[in-house]
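Student: Could we go through this protein together, asking each time what stands behind the words we use for it?

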Amino acid sequence: MELPIYLDNNATTPLDPRVLEAMLPYFTTKFGNAASRNHPFGWVAEEGVDYAREQVAKLIGCTEKEIIFTSGATEADNLGIKGVFEMYSDKGNHIITATTEHKAILDTCKHLEKQGARVTYLKVKEDGLIDLAELEAAMTPETILVTIMYGNNEIGVIQPIKEIAAIAHKHGALFFTDATQAVGKIPVNVIEDGIDLMAFSAHKMYGPKGVGALYVRRKNPRVKVTSQMDGGGHERGMRSGTLNVPGIVGLGKACELCRLEMDEEAKRLSALRDKLEAALTTMEESYVNGNTQHRLPHVANISFKYVEGEGLMMAMKDLAVSSGSACTSASLEPSYVLKSLGLSDDLAHSSIRFGLGRFTTEEEVDYAIENTKKAVNHLRDLSPLWEMFKEGIDLSKIEWAEH
Ligand SMILES: Cc1ncc(COP(=O)(O)O)c(C=O)c1O
Ligand code: FES
């Protein structure tokens, strides 16, 4: 077993060697521009792109013409949301989203607020799920779009997508979902789920970074978006720019592998995740964050009270995990997702996200369990707060000096 162990598969996944193999010729002999229609170099590249489009469409149950290739989920989120806002501005200016969405959604909504959009940010319940009654109550005749993510990147919670889509449609709005963490991990079918627009990304499903896709429904109803990138008219005018052929081929192959292997993989990973979670929650004062029924198979987010997340990450240095604290990210706030669930700053700071993946082995999970337990126990042994807790002192009654 090689150290360090990679357990941060929600941040990104390693490239599957089979994906790399599919991509390689498109860096070398098949280097043509997919838009060059007048010679074989272009045709070969275009064939690669067409095949990838089929592979992607097959995974999510749509047709090839409903796929727009982008540089990733962030771009697909921007194109989908801004594109709908601009296209449907005659109808209304109201968008509904939730506080636990990815920044690519929240910041896009913030941007649109400056352009005249009214945005409702739904709160979530303690388990991370939105309240459907609140969604229903927030709908207005001006609501053009409901945008709620499929599976959450920090806690893995899966929202009731079909029900959300039905509510949006009942009130004449479109339904967009950021499915970056869900596509390739659990079955996602845009028709069965009632999804009108959907964003996802190759590097979360063992494909390369810098490539993703936006699904835009063409039938019942035909959805239109305003392009956000003008130029040569690639992707049927929706997204100009020379296609990233190797990346797109990689996304296609990644989709095919996920379609074929997802069921087995989900079973294996959820069993490993459950093992990890069961072992770590035998420790006192440790809690699983988010709904444990409706969630992605490979994510465990656990708070270890009286341990500071950043210190914990340092102590478990052989494990590449992610912390609900913020030193690891650009901002200095504890995770807004965990805070939306009602966690205190302290508890949010004490949280670790374990993201298992295709290449995670049971041996690695066993090592992670031992290593995490050791680190938590060690830090608690050094912690005056833990000592006070063990002595039965009610810490919530203590008035701390300001500093
Ligand atoms: C839910 C979600 N949306 C969007 C993104 C952004 O994806 P990309 O890196 O492809 O832009 C991520 C990845 O961080 C994500 O987890
Ligand atoms: S633990 Fe570093 S910001 Fe909170």
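Tutor: Happy to; we will start with the whole chain and then turn to single residues. This is a predicted model, in which local features need pLDDT of at least 70 and side-chain atom pairs count only at pLDDT 80 or more, while totals for chains, interfaces and linings use all residues. Residues are numbered from 1 along each chain as its sequence is written, chains are lettered from A and ligands numbered from 1 in the order in which they are written, and side-chain values use heavy atoms, with hydrogens and water left out.

Student: How many helices and strands does the protein have?

Tutor: There are 13 helices and 13 strands. Helices (H or I, at least four residues) and strands (E, at least two) are DSSP runs, numbered from the N terminus.

Student: What makes the protein as compact as a globular protein of its length?

Tutor: Its radius of gyration is 22 Å, close to the 22 Å that the globule rule gives for 403 residues, so the protein is as compact as a globular one of that length. The radius is taken over C-alpha atoms, and the rule is 2.2 Å times the number of residues to the power 0.38. Along the principal axes, the C-alpha trace spans about 80 × 55 × 35 Å.

Student: Why is S350 called buried?

Tutor: Buried means under 20% relative accessible area, exposed over 50%, and partly exposed in between (1.4 Å probe, protein chains only). S350 has 5% relative accessibility, so it counts as buried. Across the protein, buried residues make up 55% of the 403 residues.

Student: Where is S350, and which residues does it touch?

Tutor: S350 is found in the loop between helix 11 (345-349) and strand 13 (351-355). Leaving aside residues up to four places away in sequence, S350 touches I302, S303, F304, Y306, V307 and G309; a contact means heavy atoms within 4.5 Å. The side chain of S350 also reaches the backbone oxygen of V307 at 2.7 Å.

Student: Is L243 buried or exposed, and how do you know that?

Tutor: L243 has 15% relative accessibility, so it counts as buried. This residue lies in the loop between strand 8 (212-216) and helix 8 (245-280). L243 and N33 are 210 residues apart in sequence, and their C-alpha atoms are 7.4 Å apart in space.

Student: What about D230: buried or exposed?

Tutor: D230 has a relative accessible area of 68%, so it is exposed. D230 too has its place in the loop between strand 8 and helix 8.

Student: What makes the pair D230 and S227 a polar contact?

Tutor: A polar contact is a pair of N or O atoms within 3.5 Å; within protein, one must be able to donate a hydrogen and the other to accept it, and residues adjacent in sequence count only if both atoms are side-chain atoms. The side chains of D230 and S227 are joined by such a contact of 3.0 Å.

Student: What is the peptide bond from N220 to P221 called?

Tutor: That bond is cis, with omega near -5°. P221 lies in the loop between strand 8 and helix 8. The peptide bond from L3 to P4 is cis as well, with omega near -5°.

Student: What is the phi of Y206, and is this residue buried or exposed?

Tutor: Phi of Y206 is near 70°, a positive value in a residue other than glycine. With a relative accessible area of 1%, Y206 is buried.
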